[in-house]
Amino acid sequence: MQVLYFAWLRERIGIPKEQVETSAATVADLVAELRLREERYALAFSDMAAVKVAVDQEIVDLNAPLAGVREVAFFPPMTGG
Amino acid sequence: MVVRVQAKDFDLGKEISALTAGRSDIGAIISFSGLVRDMAGDQPVFVMELEHYPGMTEKALEKIEAEANARWELQASLIIHRYGPLPAGANIVLVVTASPHRQAAFESAEFIMDFLKSRAPFWKKETGETGGKWVDARDTDEDALNKW
């Protein structure tokens, strides 16, 4: 699936998006996998209270399932307007 | 109902003229414009960088606009939101609502702005004398949704 990062998550991880092969069942499982990859991921995902998630462009919570999902995005709380 | 997400500037007068052209049924038009302030607290702001999530942004704005149209009897509505680097003083966002009487236009414009603040995938980074800083979401913006 395609994984996207925005704002300071993009800056900390260093890329705007990447293709991730995963068998993670939920968003939380995917975050756990990413954290183990490298320090920059562990740092970006160190405080999940500061991170929002969208699955196929809909806001979800961390226990949302990933079966059939094409796109997961991580970003800080939104500041539009 | 129109939503536009664009880098380029907009002209409030032209947008309202286009919206009312050829019709005489509208009784009230409300417009809200959001601009880049040159100060954040006591720190000067030179440029505000607006990042967004192409695709999701349009969907989120259309959903907010549709919800406003479901709640109020609107004759027209328009949301324009800019992205990219915007200098102090620049336009960021425009919301226009039209209705037969003023109350629906007033209320729906405020509703759209309240939801746009914390439900549309935009992120702001302010650059001033000491470099860039991501703007934190405010609890008051989240609280503002409860009144609806």
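Which helix of chain B is B:Glu15 found in? Point 1 takes this up. Please read every point with one caution: this is a predicted model.

1. **B:Glu15.** This residue is found in helix α1 of chain B, which covers residues 12–20. B:Glu15 has a relative accessible area of 15%. Buried means under 20%, so B:Glu15 counts as buried. Set aside its neighbours within four places in sequence. B:Glu15 is then in contact with B:Arg4, B:Phe10, B:Leu78, B:Ile80 and B:Leu94.

2. **Strand β9 of chain B.** This strand covers residues 122–128. Of its 7 residues, 6 are buried, so the rest of the structure largely encloses β9(B).

3. **The partners of β9(B).** One partner is strand β5 of chain B, residues 47–52. The two strands pair in the antiparallel sense over 6 bridges. Look for B:Met48, whose bridge partner in β9(B) is B:Glu126. Another partner is strand β10 of chain B, residues 131–134. Here too the sense is antiparallel, with 4 bridges. B:Thr127 stands opposite B:Gly132 of β10(B). Between β9(B) and β10(B) lie 2 residues, and the two strands form a hairpin.

4. **The largest pocket.** How much space lies in the largest pocket? The volume is about 680 Å³. The pocket is lined by 33 residues, and those closest to its centre are B:Arg37, B:Ala40, B:Met48, B:Glu126 and B:Val135. Two of these names have come up already: B:Met48 and B:Glu126 are the bridge partners of point 3.

5. **What builds that lining.** Several elements of chain B each supply at least two residues to the lining of the largest pocket. Among them are β9 and β10, the strands of the hairpin. Helix α3 (102–119) and helix α4 (139–144) are also included. So are strands β2 (28–35), β3 (39–40) and β4 (43–44). By class, the lining of the largest pocket has 13 nonpolar, 11 polar and 9 charged residues.

6. **The second largest pocket.** Its volume is about 320 Å³. The lining of the second largest pocket has 15 residues. Nearest its centre lie A:Glu58, A:Ile59, B:Ala60, B:Lys63 and B:Arg119. β4 (58–60) of chain A supplies at least two residues of the lining, as do α2 (56–71) and α3 of chain B. Which element gives the most? That is α2(B), with 6 residues. The lining divides into 7 nonpolar, 2 polar and 6 charged residues.

7. **The contact between the chains.** Chain A brings 21 residues to the contact, and chain B brings 26 residues. Together the chains bury about 1,800 Å², with 56% of it on carbon and sulfur atoms. On the chain A side, A:Met78, A:Thr79 and A:Gly81 lose the most area to chain B. These residues together account for 38% of what that side buries.

8. A:Ala7 is not a glycine, yet its phi is positive, at about 55°. A:Ala7 sits in helix α1 of chain A, residues 7–13. Its relative accessibility is 0%, so A:Ala7 counts as buried. A:Gln57 also has a positive phi without being glycine, near 70°. Its place is in the loop between β3 (52–55) and β4 of chain A. Is A:Gln57 buried or exposed? At 14% relative accessibility, A:Gln57 counts as buried.

Methods
Residues are numbered from 1 along each chain as its sequence is written. Chains are lettered from A and ligands numbered from 1 in the order in which they are written. This is a predicted model: local features need pLDDT of at least 70, side-chain atom pairs count only at pLDDT 80 or more; totals for chains, interfaces and linings use all residues. Side-chain values use heavy atoms; hydrogens and water are left out. Buried means under 20% relative accessible area, exposed over 50%, partly exposed in between (1.4 Å probe, protein chains only). Two strands pair if DSSP finds at least two bridges between them. On a 1 Å grid over the protein atoms alone, a cavity is a set of points where a 1.4 Å probe fits but cannot get out, and a pocket is an open set with protein on both sides within 12 Å along at least five of seven lines; lining residues have an atom within 4 Å of a point. Grid points are joined across faces, edges and corners, and a volume is the space filled by probe spheres set on the points. Ala, Val, Leu, Ile, Met, Phe, Trp, Tyr, Cys and Pro count as nonpolar, Asp, Glu, Lys and Arg as charged, and the others, Gly among them, as polar. Contact means heavy atoms within 4.5 Å. Buried area is the accessible area (1.4 Å probe) that two parts lose on being put together, summed over both.
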